[in-house]
Amino acid sequence: MQLPLDLAGQEAAGKDALILAQAEVITKQAAAIAALTARVEELVAQNAALTKRVEELEARLASPAKTPDNSSLPPSGGRKASPGAEAAKPKKPHKGAARALHPEPIRIVEARVEVCPHCAVSVAEAPQIAVEQYERIELPEIVPDVTRVVVLGGTCPCCRKRFK
């Protein structure tokens, strides 16, 4: 079956238009692929740069901190000791700074010095005066007050019932 000449021309023109449309779509897809490929290459380069930076930062983090002992920092640039590390100066006592001594202690112990702590000479016979007083309070041992209760019972001789 043969188509008339004008129908065959229309069919050929339709095929050409279809081919042109497909070619245009393919061209757009190729441009999109090229743009995406360029973007992927850009991201790969950025990833490599960031990976290198992370490695440098991790290496710097692993190195010891700079102190006046291991670098050219001046001594004043080092860490200061914490305030609690220094020994606190004893403060002069004032009235009411400590608890008052008990007016009637049970025992009084005089701690006499037998030997001079500096030169080791006997000072037992030398006159000595009270320099310091303090109380040592010892709590007595706690002893429990144990009471044993024995409950008695039996049988009533009259009604023969038990009681306790």
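These legends accompany several close-up views of one predicted model. Residues are numbered from 1 along each chain as its sequence is written, and side-chain values use heavy atoms, with hydrogens and water left out. Because the model is predicted, local features need pLDDT of at least 70 and side-chain atom pairs count only at pLDDT 80 or more, while totals for chains, interfaces and linings use all residues.

**View 1. Confidence along the chain.** The mean pLDDT of the chain, where pLDDT is the predictor's confidence in each residue from 0 to 100, is 84, and 90% of the residues reach 70 or more. Helices (H or I, at least four residues) and strands (E, at least two) are DSSP runs numbered from the N terminus. Confidence is highest in helix H1 (residues 5–62), at a mean of 88, and lowest in strand S2 (residues 162–163), at 84.

**View 2. The largest pocket.** The volume of the largest pocket is about 1300 Å³, and of its 24 lining residues the closest to the centre are Arg107, Ile108, Val109, Tyr134 and Glu135. A pocket is an open set of points on a 1 Å grid over the protein atoms alone, where a 1.4 Å probe fits, with protein on both sides within 12 Å along at least five of seven lines, and lining residues have an atom within 4 Å of a point; the volume is the space filled by probe spheres set on the points, which are joined across faces, edges and corners. The lining divides into 12 nonpolar, 3 polar and 9 charged residues, with Ala, Val, Leu, Ile, Met, Phe, Trp, Tyr, Cys and Pro counted as nonpolar, Asp, Glu, Lys and Arg as charged, and the others, Gly among them, as polar.

View 3. With a disulfide taken as a pair of cysteine sulfur atoms within 2.5 Å, the count comes to 0. Cysteine 116 has its nearest cysteine sulfur, that of cysteine 119, 3.6 Å away, and is buried at 18% relative accessibility (buried means under 20% relative accessible area, exposed over 50%, partly exposed in between, with a 1.4 Å probe and protein chains only). The sulfur of cysteine 159 lies 3.6 Å from that of cysteine 156, the closest, which is too far for a bond, and cysteine 159 is partly exposed at 43%.

View 4. Most residues other than glycine have a negative phi. Alanine 120, however, has a positive phi of about 65°; this residue lies in the loop between H1 and strand S1 (154–155) and is exposed, with a relative accessible area of 58%. Arginine 160 likewise has a positive phi of about 65°, is found in the loop between S1 and S2, and counts as exposed at 63% relative accessibility.
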